[in-house]
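Here is a short briefing on one protein model. Look over the sequence and the coordinates before reading on.

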Amino acid sequence: KVYTSSTTPWYNAGLSESEVTVTIGDNVTQIPAYCFAYFTSLKHASIGALVESIGNQAFAQTSLADISMPKTVQFTASSFPASAEVTYLDTFNIKFNSNGGTAIESYKTLENRLIQQPTDPTKDGFTFAGWFADSELNTEYDFNSPVTQDTTLYASWTEKSNSGGLSSIPWWVWLIVLLIIIGIVLYVIFG
């Protein structure tokens, strides 16, 4: 759930839940001061890989029991309750080598998170055959495996085959047919 409120601080924003978890996405770069202050139902927080700073009193007067965040986050002693258990996580780079296909954007994520399977890339004359963990394309990547290091995934492709029809006839056959037609036309015209 995403909760919003026009009041600052939140004061639970009218929530009746007794325990709330907040997950800050990997596209957020900072959590401002007092952002979740007085949000007393807040018990757990997971901070995204790109967050650089947590403002003063950002989680003040909450029931925050635990918070996980990148090791590189800047914060003050009053950013969250002293009783909250803090788990510091490594940040890893996720890259996609499309092997000549359309580009897939790289991103950062935290350890033990799952890589989100991107939209399949495209490549003229080929069909996408999956993502692999190695450049030799021997080991298909398991998107249910938690990330434990910088990771590059490699696209595999299979060449599209012509499935019959006129387009599957070699060019030289078309050349012979054209020469025969020209010969017939010349014969008809000049006898």
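Residues are numbered from 1 along each chain as its sequence is written, and side-chain values use heavy atoms, without hydrogens and water.

**Confidence**
- The protein chain averages a pLDDT (the predictor's confidence in each residue, from 0 to 100) of 86, and 87% of the residues score at least 70.
- Residues 1–12 fall below 50, yet this stretch has 21 contacts (heavy atoms within 4.5 Å) beyond near neighbours in sequence.
- Where pLDDT is low, predicted coordinates should not be read in detail.

**Sheet**
- Strands are DSSP runs of E, at least two residues, and helices are runs of H or I, at least four, numbered from the N terminus.
- Four strands form an open parallel sheet, ordered S1-S3-S5-S6; pairing takes at least two DSSP bridges.
- S1 (20–23) and S6 (85–89) are the edge strands with a single partner each, so one side of each has no neighbour in the sheet.
- S5 (residues 66–70) pairs with S6 over five bridges.
- Proline 70 has leucine 89 in S6 as its bridge partner.

**Helix**
- Glycine 191 follows H1 and has a positive phi, near 75°.

**Loop residues**
- Most residues other than glycine have a negative phi.
- Glutamine 57 has a positive phi, near 65°, and lies in the loop between S4 (53–54) and S5.
- Asparagine 99 also has a positive phi, near 50°, in the loop between S7 (91–97) and S8 (107–110).

Note on methods. Predicted model: local features only at pLDDT ≥ 70, side-chain atom pairs only at ≥ 80, totals over all residues.
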